[in-house]
Amino acid sequence: MCRFDRMESNEGKEISGFSKMSKRDKIAWIAKNFLYENPIKIINEFAGFWHDNVEAQKLLDGFSENTLTNFPVPFGVAPNFKINGKIYAVPMVIEESSVVAAASNAAKFWLTRGGFKAHVFNTKKVGQVHFTYSGDKKKLFQFFQNIKTDLIFGVKHITAKMEERGGGVLDMELLDFTNREPDYYQLRAYFETVDSMGANFINSCLEEFGKLLQQKIRESPHFNDLEKDVEVIMCILSNYTPECIVRAEVSCAVNELGTFNNGEMGPEEFAARFERAVRIAHLDPYRATTHNKGIMNGIDAVVIATGNDFRAVEACVHTYACRDGTYRSLSECEVKDGVFRFWLDVPLAIGTVGGLTSLHPLAKRSLEMLGNPNARQLMEIIACVGLAQNFAAVRSLTTTGIQAGHMKMHLSNILASMQATADEEAEARKYFEGKVVSVAAVREFLEKRRTQNQS
Ligand code: MEV
């Protein structure tokens, strides 16, 4: 096998025309210039992850650019989710161990305690036309009021189909930001995009609004030449959709919560500890970030499985979590009059039609598995998985501690990586019960056992 010398210089590392190279040539070039490995070896390694079906691979390659191979991530399922009375087996795409197990566990816990309730408050999406205008403010605001309906009417050719489905442009407003940036104004528009996430639809409307606004001001006799010089800086949707909100909730009598830690912790103590843990996540951004990360473990996994844009969801959720100026927990807990109530309000701008949802064969299957929900139903399902994930994490943290469960998974992963047999696995599980698991400790355990068995 040929080993390439590590190059310290940047020589050969710049390239033009990379996108036009064949996939094999791209891999070979990367192997030579960045991995310092034999290109044949790397081509074979990467090709090992190519889809057998040429058409399926073509489809995947089309989702992105400069693709070398696929990056497989586990696609799991969390059964027993009772949401608004209906049982779901929820698809989850995630690489972190324990997440699907925790969601399944929480789903089963609440299955016998009334299940999850969820409700969508609104699905309003937002878009912005950012522009500058250096004239009389009053004149601009007055003019905007006069042309507002014309602007909305002016995008009918884009909105007609969406309106047939019950969506369209809801409203728009003019905002003055000149106290923070000279001459800067914003046209903020609100949209209903029904079952689609609506990014293309919104952006197309916004670009048209930008052009129309400019054109109408230029053609108006009310503005002088300086005022007519309106510059549209950019037109783009906002991923912050604080009104596109869904609530997921669970509740039961405190005494129905059961006991924890082998009966050592009763339901009242558990409820009080749990409630305090959520309060801590409200007052301390360090804890809030980890608390919300636990929620996003569940949310992202379903968002990805259903072909939605998890970066958009993440960006929005975290802005929402600090809407009052301090980053806080997304979930809330209340223990009152003998009732434990735990809920989550979360903005989720997602879709069940368009984009990857119908193009990616597994996203399509995920939606089918969920009974082909509409966007509102999918928002409810996703929020419930987030809440379940949060419940499972905070329950572990306030009872056994998180490591008890993680250690089991950690041990399984290490044993698998060391090709442990079924007998070795069973013995290791017994040996490591209550002990700290580390790669070194497991290796030592296996080596000892293997030498003993040889002699
Ligand atoms: C780990 O992925 C998520 C947790 O840290 C969440 C939490 O602390 O609430 C367990």
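**Around the ligand**

Which element gives the largest share of the shell around the ligand? That would be H9, with six residues. Keep in mind as you look around that this is a predicted model. In the shell you will find Glu96, Arg287, Thr290, His291, Lys293, Gly294, Asn297, Ala393, Leu397 and Ile402. By type, three of the shell residues are nonpolar, four are polar and three are charged.

As for where the ligand sits, the space it takes is the second largest pocket. Two or more shell residues come from each of helix H9 (285-305) and helix H13 (375-398).

Glu96 places a polar side-chain atom 2.6 Å from a ligand oxygen. For Lys293, an N or O atom of the side chain is 2.7 Å from an oxygen atom of the ligand. The side chain of Asn297 also has an N or O atom by a ligand oxygen, at 2.9 Å. How much of the ligand does the protein bury? Taken alone, the ligand exposes 300 Å², and 85% of that is buried by the protein.

**A hairpin to look at**

Next, have a look at strands E1 (residues 75-83) and E2 (residues 86-93), which run antiparallel and are joined by seven bridges.

Together E1 and E2 form a hairpin, with two residues between the strands. In the turn, Asn84 has a positive phi of about 50°.

Technical notes: Residues numbered from 1 in each chain as written. Predicted model: local features only at pLDDT ≥ 70, side-chain atom pairs only at ≥ 80, totals over all residues. Heavy atoms only, no water. Pairing = 2+ DSSP bridges. Helix = DSSP H or I, 4+ residues; strand = E, 2+ residues; numbered from the N terminus. Near = heavy atom within 4 Å. Polar contact = N/O pair within 3.5 Å; in protein donor to acceptor, adjacent residues only side chain to side chain. Areas by Shrake-Rupley, 256 points an atom, 1.4 Å probe, with all protein chains shown as cover. 1 Å grid on protein atoms, 1.4 Å probe; cavity = no way out; pocket = protein on both sides within 12 Å on 5 of 7 lines; lining within 4 Å. Sits in = over half its atoms within 2 Å of the grid points. Nonpolar A, V, L, I, M, F, W, Y, C, P; charged D, E, K, R; others polar.
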